[in-house]
Amino acid sequence: MSGPGSTLEQTANIRQKMPIMFDEMGIKSVFDAPCGDFHWMQHVLNDADFSYLGGDIVGELVSANKNKFTTSNVDFIKFDMTSDAFPVADVWLCRAVFYHLSNRDIYFALEQFVDSTIKYILTTNCVTDEQHINKDIATGDWRSLNLNLPPFNFPRESLWEIKDCTPPHLPMKLTLWSKSQIEEILPALRKIYK
């Protein structure tokens, strides 16, 4: 199941702004991994014109989503972002997951992304002060993760940002970067995690 940050209340702003962003950026196909239970994203599809593929590592969840939600432009697959080849899409939506992954698993996922044909990544970025330290964790734990800071050093210049938090959650944004921007940061990460 999706977590407490995936309620309709918590996702109200991104559900409103995401179709605007997709239209402005010419995004017609979305790969959402991990997709969770599709609770809030189904409502975005009501107001937007794009095809959707959800991927999740939990097979039972994928089967339930396929049985309940599959249409001509919505489908689901079992998918491990750290090792599986990404499907064809315009954008990879990766909301509220990196802060649960070890730094090495994030690196593996980014490598899989840049090996794909997907043009953009839209992912959660925690808002912190500049002194914040991105602690490493075991996958499955949680920490506040500012992707602009070491060791990831995502570019400060993003293509789009959507405020993605309401109290009591910490400040976060859903941030869009191009694949070419991510390719620029990977050499430094390879030296650490390959």
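Helices here are DSSP runs of H or I with at least four residues, strands are runs of E with at least two, and both are numbered from the N terminus. The model is predicted, so local features need pLDDT of at least 70 and side-chain atom pairs count only at pLDDT 80 or more, while totals for chains, interfaces and linings use all residues. Residues are numbered from 1 along each chain as its sequence is written, and side-chain values use heavy atoms, with hydrogens and water left out.

With a relative accessibility of 14%, asparagine 148 counts as buried; buried means under 20% relative accessible area, exposed means over 50%, and partly exposed lies in between, with a 1.4 Å probe and protein chains only. The side chain of asparagine 148 reaches the backbone oxygen of proline 155 at 3.1 Å. A polar contact is a pair of N or O atoms within 3.5 Å; within protein, one atom must be able to donate a hydrogen and the other to accept it, and residues adjacent in sequence count only if both atoms are side-chain atoms. Leaving aside residues up to four places away in sequence, asparagine 148 touches Asn125, Asn153, Phe154, Pro155, Arg156 and Trp177, where contact means heavy atoms within 4.5 Å. The loop between S5 and S6 also holds proline 151, and the peptide bond from proline 150 to proline 151 is cis, with omega near 5°.

In S5, 7 of the 7 residues are buried, so the strand is largely enclosed by the rest of the structure. In a regular strand the side chains alternate between the two faces of the sheet. In S5, Tyr120, Leu122, Thr124 and Cys126 point one way, Ile121, Thr123 and Asn125 point the other way, and all are buried.

Two strands pair if DSSP finds at least two bridges between them. S5 pairs with strand S4 in the parallel sense over 4 bridges, and cysteine 94 stands opposite threonine 123 in S5. S4, helix H4 (residues 103-114) and S5 make a right-handed β-α-β unit. The crossover is called right-handed if, with the strands pointing away from the viewer, the path from the first strand over the helix to the second runs clockwise.

S5 also pairs with S7, in the antiparallel sense and over 7 bridges. Along this pairing, tyrosine 120 stands opposite serine 178 in S7, and threonine 124 stands opposite leucine 174 in S7. S7 is mostly covered, with 6 of its 7 residues buried. S6 and S7 run antiparallel and are joined by 4 bridges; here tryptophan 160 stands opposite leucine 176 in S7.

The buried residues of H1 are Ile14, Met18, Pro19, Met21 and Phe22. Their cover includes strand S1 (29-32), helix H2 (41-45), strand S4 (91-94), S5, S6 and strand S7 (172-178). An α-helix has 3.6 residues a turn, so residues three or four places apart point the same way. The 14 residues of H1 (residues 12-25) should span 20 Å at 1.5 Å a residue, and the end C-alpha atoms are 21 Å apart, which agrees; the expected span is 1.5 Å times one less than the number of residues. H1 has a kink of about 30° at methionine 18, shortly before proline 19, the bend being the angle between axes fitted to the seven residues ending at a residue and the seven starting there. Just after H1, glycine 26 takes a positive phi of about 70°.

Some backbone values remain. Most residues other than glycine have a negative phi, and most peptide bonds are trans. A cis peptide bond joins alanine 33 and proline 34, with omega about 0°, and proline 34 lies in the loop between S1 and H2. Phenylalanine 38 lies in the loop between S1 and H2 and has a positive phi near 65°; phenylalanine 38 is buried, with a relative accessible area of 3%. Alanine 96, in the loop between S4 and H4, has a positive phi near 60° and is partly exposed, with a relative accessible area of 26%.

Asparagine 65 touches Cys35, Gly36, Asp37, Phe38, Thr70 and Phe76, not counting residues up to four places away in sequence. At 3% relative accessibility, asparagine 65 counts as buried.
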